[in-house]
Amino acid sequence: MKFFKNALILLAVLSFPILAFSSDKTELNLWKRNANLYGPCGHCADFVNFSENENRKDFSEFNLYDQDGYYTVNLTGSTGTMVTLYGNKGFDTDHGYLVIVKKDDRMVEVEDLEGFTPGQWVDINTQEGSYSAFYRPNQNFKTRVASVKWGKWWTGSNP
């Protein structure tokens, strides 16, 4: 019995570094939400996950891509992590885009992808995380996100 107790204590001690390293992972979770399909939990939705530097010109194979609804974002990673969401496939800027740049190591949560002043950098500071955003609007952008690109893709100060 004492062996099992010691083994459990050792396992618990060894798992703490693994948990600490896993929290530093950089990734984007793009949630597809629909007010009519939330279910009993009040915020249920499926998401598509993009790892750091996983640029995707098209993610229409996502099982809920064609479902009615709108997207929200959770972004994890270190200060300076930058990702752009495009309103069309192929990184097409003609259908709107949203650039998000993390300003700290906390998770960034963006509930309204269209809630930014168009054409200028906006700083957002919340208890959950701080970030800057640059939004180029297009009709129904938050429902049409279709490609994702990591890092800076433009020259100059504004995309």
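In this report, two residues are in contact when heavy atoms of theirs lie within 4.5 Å. With that in hand, welcome to the structure, which is a predicted model.

## A residue to start with

Let us begin with threonine 26, which sits in the loop between α1 (2–22) and β1 (27–33). Which residues does threonine 26 touch, not counting residues up to four places away in sequence? The answer is Ser51, Glu52, Thr76, Gly77, Ser78, Thr81 and Trp150. Threonine 26 is buried, because its relative accessible area is 10% and the limit for buried is under 20%.

## The chain as a whole

Stepping back, the protein chain holds two helices and nine strands. Read from the N terminus on, its elements run α-β-β-β-β-β-β-β-β-α-β. The chain has 159 residues, and 38% of them are buried.

The accessible surface comes to about 9,300 Å², and carbon and sulfur atoms account for 54% of it. As for contacts with a separation of 6 or more, 66% of them join residues 24 or more positions apart.

## The five-stranded sheet

Now look for the open sheet. Five strands form it, in the order β7-β8-β5-β4-β9, and their pairing is antiparallel. Which strands lie at the edges? They are β7 (121–125) and β9 (147–150), each of which pairs on one side only. On average, neighbouring strands of this sheet are turned by 20 degrees against each other, direction ignored.

You can walk across the sheet strand by strand. Starting from β7, five bridges tie this strand to β8 (residues 130–136) in the antiparallel sense, and isoleucine 124 stands opposite tyrosine 131 of β8. Next, β8 is joined to β5 by six bridges, again with the two strands running antiparallel. Here tyrosine 131 in β8 has lysine 102 standing opposite. Moving on, β5 pairs with β4 over five bridges, also in the antiparallel sense, and valine 101 in β5 faces methionine 82 across this pairing.

## A strand covered on both faces

How many of its six residues are buried? Six of the six are, so the strand counts as mostly covered, given that buried means under 20% relative accessible area. Both faces of β5 are covered: one side carries Tyr97, Val99 and Val101, the other carries Leu98, Ile100 and Lys102, and all of these are buried.

The largest nonpolar core has 27 residues, and the members that touch the most others are Phe59 and Leu85. Strands β1, β2 (46–51), β3 (70–76), β4, β5, β6 (108–110), β8 and β9 each supply at least two residues of this core.

Why does phenylalanine 91 count as buried? Its relative accessible area is 16%, and buried means under 20%.

## Loop residues worth a visit

Phenylalanine 91 has another feature: its phi is positive, at about 60 degrees, although the residue is not a glycine. Asparagine 140, in the loop between β8 and α2 (141–144), likewise is a residue other than glycine with a positive phi, near 55 degrees. Is asparagine 140 buried or partly exposed? It counts as partly exposed, because its relative accessibility is 44%.

Finally, find serine 60 in the loop between β2 and β3. This residue is partly exposed, with a relative accessible area of 28%. Serine 60 touches Tyr65 and Lys89, when residues up to four places away in sequence are not counted. How far apart in space are serine 60 and serine 147, C-alpha to C-alpha? They are 8.9 Å apart, while 87 residues separate them in sequence.

Methods. Residues are numbered from 1 along each chain as its sequence is written. This is a predicted model: local features need pLDDT of at least 70, side-chain atom pairs count only at pLDDT 80 or more; totals for chains, interfaces and linings use all residues. Side-chain values use heavy atoms; hydrogens and water are left out. Two strands pair if DSSP finds at least two bridges between them. Helices (H or I, at least four residues) and strands (E, at least two) are DSSP runs, numbered from the N terminus. Axes are lines fitted to C-alpha atoms, for helices over the stretch in contact, and angles run from 0 to 180 degrees between N-to-C directions. Buried means under 20% relative accessible area, exposed over 50%, partly exposed in between (1.4 Å probe, protein chains only). A nonpolar core is a set of buried Ala, Val, Leu, Ile, Met, Phe, Trp, Tyr and Cys residues joined through side-chain atoms within 4.5 Å. Accessible areas come from the Shrake-Rupley method with a 1.4 Å probe; for residues, only the protein chains shown count as cover.
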